[in-house]
Amino acid sequence: MSMTTRMAILGAAMLLAGCQTSGMSQTVVPTPVPGGTPATSSLSDAQGFQQWVAAFRAEAAGRGISQATLATAFDTVQFLPKVIDSDQSQSEFTKSVWTYLDSAVSPDRIRNGQAMLAQWSSAANSAEQRYGVPKQVIVAIWGIESNYGQNFGNIEIIDALATLGYEGRRQDFAKTELYAALQILQQGDISRDRMLGSWAGAMGNTQFLPSVFLSSAVDADGDGRRDIWGSIPDVMASTANYLAQSGWQRGQPWGVEVTLPPGFDYSVAELTTKLPVAQWAAMGVKPVSGRTLPALGDASVITPAGARGPAFLVGPNFGVIMKYNASTSYALAVGHLSDRLAGGGPIAGAWPRDEQPLSRNEVIELQTLLEAKGFSTGGTPDGLLGPATRKAIRGWQVSKGQIPDGFATTALLQAVRAG
């Protein structure tokens, strides 16, 4: 299961499921999901949970999990109401991309990352040479996912996934990941009490789901176990292996900050628009460094904060980072942090810090208003700012003679309200 699938499964409850320090999980306002199980522990919960566990034990035994492993996993398993509470919460208020980057690529994060590169230089160099992923990218993911291991979660994964399986809304997901977790225990990679992570089942220093661990974790230190909790060589090799399996292009950067020419057509500033770098150059796109654009094959221009903010030309490796987490802000943070760890400077363009991002309810209102005015947002308003909504915003902006950058702000919402 890819990390992109992980994000699709976990959905809006936490934008960065399992990423404890990423900053993309916004201010959370608990909002009950219609039809969900109340996040309270009761006698009926306890009885129902144990019945579910018994049925799953029988199913897992039939698939080859040993009785010893099942006893280790389930004899002390606990229903965790806090997991259900987290699963049923939605992010109402969002962070701007610049606020997120301020946290994800903070001076402390850069300084600590450089220290980790020095401390673990042998492991980092080995992972880079073996898998073709720059060591700075590996360490950047480590920093953003768990603050270099300081906060990868303290919930026992067996308990979390069993709770999610019993709750039922994501039973197929939970059962798949729980079965994978049992395989990990049976293989002896980690003990039950050390298999720790987030409420959503993501584990260890770089937050792998159990199924991803099975497909991508590596025993780099040669001790016979794949340990993404305590072995930094294993962490680095496993992370690099996942990115390599996801299509990392050896020798290519993730992207570069660029300047856009006057009159640039912002309708093409989408990840879905991929053009040869030479074509972007012919359109007047230039790197802020003043050098030539890097060889990226087919690349995209993105403007995460609209026409007033910085612009970036991003290549295939940016998309690979998004397979780890399907967020452009996340991928931009990983790319930028990796550049800073390599000695690069800050983003040159100024962010429009006076702009206010929309809450999810405000996005729903904006989508509803745009639909009513004849600008399709792609279906039922869902509060998510995807390509279809940005296209609708651009259409409205064109109708008003504005730069069609598709950037949603409170000022734009007020203007749409007014007509």
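Ring pairs link Phe208, Tyr242, Tyr324 and Tyr330 into a cluster; rings of Phe, Tyr and Trp (its six-membered ring) pair if their centres lie within 6.5 Å, with planes under 30 degrees apart counted as stacked, over 60 as edge-to-face and the rest as tilted. The model is predicted, so local features need pLDDT of at least 70 and side-chain atom pairs count only at pLDDT 80 or more, whereas totals for chains, interfaces and linings use all residues. Residues are numbered from 1 along each chain as its sequence is written, and side-chain values use heavy atoms, with hydrogens and water left out.

The count of aromatic pairs comes to 15. In the pair formed by phenylalanine 264 and tyrosine 266, the ring centres are 5.3 Å apart and the planes stand at 90°, so the pair is edge-to-face. Both phenylalanine 264 and tyrosine 266 are buried (under 20% relative accessible area; exposed is over 50% and partly exposed in between, with a 1.4 Å probe and protein chains only).

The charged end of arginine 63 sits over the ring of tyrosine 179, 3.6 Å from its centre (NZ of Lys or CZ of Arg within 6 Å of the ring centre and within 35 degrees of the ring normal).

Strand β9 comprises residues 311-314; strands (E, at least two residues) are DSSP runs, numbered from the N terminus. Strands pair if DSSP finds at least two bridges between them. Strand β5 (residues 255-259) runs antiparallel to β9 and is joined to β9 by 4 bridges, with glutamate 257 opposite phenylalanine 312. Strand β8 (residues 298-302) is likewise antiparallel to β9, through 3 bridges, and serine 300 stands opposite valine 314. In a regular strand, side chains alternate between the two faces of the sheet. In β9, Ala311 and Leu313 point one way and Phe312 and Val314 the other, and all are buried.
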